[in-house]
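Visitor: Hi, I'm new to this one and would like to be walked through it slowly. Could we put it on the screen and begin with the strands?

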Amino acid sequence: MAFRILPPCPMNRSLGALIPASLAFELAYALGCVGAGLLYHLAGGTLDHALILGLACFITRHLYFLARLTRLIARGGRLTTPFPQGSWGDIFRALDRYQQDARRWRKRQARFALRFREAANSVPDGLIMLDKAQRIDWANGGAEVLLNLSWPRDAGRHISEFLSHPDLAPLIEGADYGHSLELTPPHNQAIKLSLRISPFGERKSQRLVVVRDITAIYHLNMIRRDFVANASHELRTPLTVIAGFLETLGDSPLTPTPHRRPLELMISQTSRMRSIVEDLLTLSRLEMSQQSEHIETADVPAEISAIVHEAEALSRGRHILELEVDPNLLLIGNLVELRSAFSNLVFNAIQHTRDGSRVHVAWGNRTGQPVFAVTDDGEGIAQEHIPRLTERFYRVDRGRSRASGGTGLGLAIVHHVLNRHDAQVIIASDAGKGASFACRFPSRCAVSRHDQ
């Protein structure tokens with residue numbers, strides 16, 4: 001005979017399996033309170049008093065645990081076992097889990113903050129956090145070395161107590177954070193610092209100041225500038241003498257015919273060397289200061305017309321030049337520097353495009369800003385070369401540049417001139433589709449001829 005074990009009948013399940021333990025305890029406790037009231041009633045008490053006694057027993061327990069929990073929360077105390085039974089036990093255990101999670105989170109935050117401070121203190125650059133009022137919230141060890149600023153000793157002090165520069169406050173409060181500021185700290189005049197500012201925090205109301213020691217780079221740049229300026233200046237006189245004698249020999253009827261071709265090459269190369277020297281001297285002069293001097297209202301339309309006429313003479317009819325100029329749009333700036341920048345762009349278009357190319361020169365107001373643009377339909381420039389075009393001596397095609405007489409300094413001069421006028425050069429080109437060079441000036445520099 002075979003036997004089978006049948007599953008238990010649902011009616012045989014215990015009450016604890018159907019009702020949560022905490023709720024079962026609360027029901028049992030409520031029944032106990034009711035039972036206490038009934039016993040009081042059976043002992044001779046009135047029914048009203050029996051009900052009040054049962055309710056009092058039931059409410060007293062809840063009031064006790066509520067008061068206990070209130071005291072723990074008010075003191076910020078830690079919940080400890082054993083926890084009460086019933087629903088209050090569930091509440092205490094849930095709060096205990098919350099406290100444990102909060103403690104673990106605080107520990108993680110403390111470890112992260114410690115690692116952040118250790119990493120920030122290992123950086124040689126100075127890092128300073130400023131609040132909305134430009135007061136110091138935090139600083140790393142590099143700030144103490146570079147600015148004599150120590151945290152937390154100097155917490156709450158204004159940043160201007162450690163950095164003195166007329167452009168510092170506008171840089172912190174302004175919206176253009178792409179520029180850096182070079183300055184010398186008051187406590188050490190022998191070093192040169194570069195300062196950059198970035199907004200962060202809620203609504204970008206706080207500021208992160210990054211200070212870097214650029215003393216070595218600054219001195220190297222000064223040495224380079226002095227060397228280029230001095231060498232170029234010293235080369236100018238002997239080149240002038242050599243060019244004079246070569247031109248005399250070239251023009252002399254006594255010069256033998258076989259010697260004339262070498263003389264022509266020497267005159268051409270001497271002229272090219274003189275152009276390089278002049279461009280180097282121009283670059284050195286531009287690099288000496290960040291802002292242009294001799295600012296005036298420049299008659300840009302007249303200068304552009306003169307430059308185009310010179311370009312026509314240079315082209316000798318090999319290019320099609322188009323001129324589109326707003327005759328009433330003038331510009332506040334240094335006329336000599338602006339002419340140098342504009343002529344470099346126009347002459348580059350003539351020198352580096354094939355015969356028959358179209359060169360369009362424009363001057364006008366675009367989206368509220370004065371813009372000078374030179375556009376050609378020549379061979380164009382590959383995208384990988386565009387970011388480096390304004391570097392000195394950089395050439396896309398070295399053979400073609402030498403053949404056309406280029407020095408590789410023209411766009412570097414344009415870049416420096418525009419920087420001194422708070423302007424920017426915008427280059428757009430595709431290989432085989434021509435190129436466009438645009439000089440975009442701030443709207444505040446525009447002047448109408450009618451207002452003069």
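Visitor: What is the order of the strands in the open sheet of five strands with antiparallel pairing?

Guide: The order is β2-β1-β5-β4-β3, and the pairing is antiparallel. Before going further, please keep in mind that this is a predicted model, in which local features need pLDDT of at least 70 and side-chain atom pairs count only at pLDDT 80 or more, while totals for chains, interfaces and linings use all residues. Residues are numbered from 1 along each chain as its sequence is written, and side-chain values use heavy atoms, with hydrogens and water left out.

Visitor: Which are the edge strands there?

Guide: They are β2 (136-139) and β3 (181-183), each of which pairs on one side only. On average, neighbouring strands of this sheet are turned by 25° against each other, direction ignored. Strands here are DSSP runs of E with at least two residues, helices are runs of H or I with at least four, and both are numbered from the N terminus; two strands pair if DSSP finds at least two bridges between them.

Visitor: How many bridges join β4 to β5?

Guide: Eight bridges join β4 (residues 193-200) to β5 (residues 206-213), and the two strands run antiparallel. Ser 198 stands opposite Leu 208 in β5, and Phe 200 has Gln 206 as its bridge partner in β5. The hairpin of β4 and β5 has five residues between the strands, and in it Gly 201 takes a positive phi near 85°.

Visitor: And β3, how many bridges join that one to β4?

Guide: Three bridges join β3 to β4, again with the strands running antiparallel, and Leu 181 has Leu 195 in β4 as its bridge partner.

Visitor: OK, what about the open sheet with mixed pairing, what order does that have?

Guide: That sheet of five strands has the order β7-β9-β10-β12-β11. At its edges stand β7 (320-325) and β11 (424-429), and because each has a single partner strand, one side of each is left without a neighbour in the sheet. Neighbouring strands of this sheet are turned by 15° against each other on average, direction ignored.

Visitor: Which helix packs on that sheet?

Guide: Helix α10 does, touching β7, β9 (358-366), β10 (369-376) and β12, and its direction makes about 20° with that of β10. For such angles, axes are lines fitted to C-alpha atoms, for helices over the stretch in contact, and the angles run from 0 to 180 degrees between N-to-C directions.

Visitor: How do β11 and β12 pair?

Guide: They pair in the antiparallel sense over six bridges, with β12 covering residues 435-440. Ile 426 has Ala 438 in β12 as its bridge partner, and Val 425 has Cys 439 there. In the hairpin of β11 and β12, with five residues between the strands, Gly 432 takes a positive phi near 85°.

Visitor: Is Cys 439 buried or exposed?

Guide: Cys 439 counts as buried because its relative accessibility is 0%, where buried means under 20% relative accessible area, exposed over 50%, and partly exposed in between (1.4 Å probe, protein chains only). Cys 445 is buried too, with a relative accessible area of 10%.

Visitor: How many disulfides does the structure hold?

Guide: It holds zero disulfides, a disulfide being a pair of cysteine sulfur atoms within 2.5 Å.

Visitor: Changing topic, at what angle do α9 and α10 pack?

Guide: Helix α9 (residues 300-315) and helix α10 (residues 335-351) pack at an angle of about 35°, with their axes 10 Å apart. The residues in contact (heavy atoms within 4.5 Å) include Ile 304 and Leu 314 in α9, and Phe 342 and Val 346 in α10.

Visitor: Where is Asn 334 placed?

Guide: Asn 334 lies in the loop between β8 (329-333) and α10, and this residue is buried, with a relative accessible area of 8%. Asn 334 and Arg 420 are 86 residues apart in sequence, and 9.3 Å apart in space, C-alpha to C-alpha.

Visitor: And overall, how many helices and strands are there in the protein chain?

Guide: The chain's secondary structure comes to twelve helices and 13 strands, and 35% of its 452 residues count as buried.
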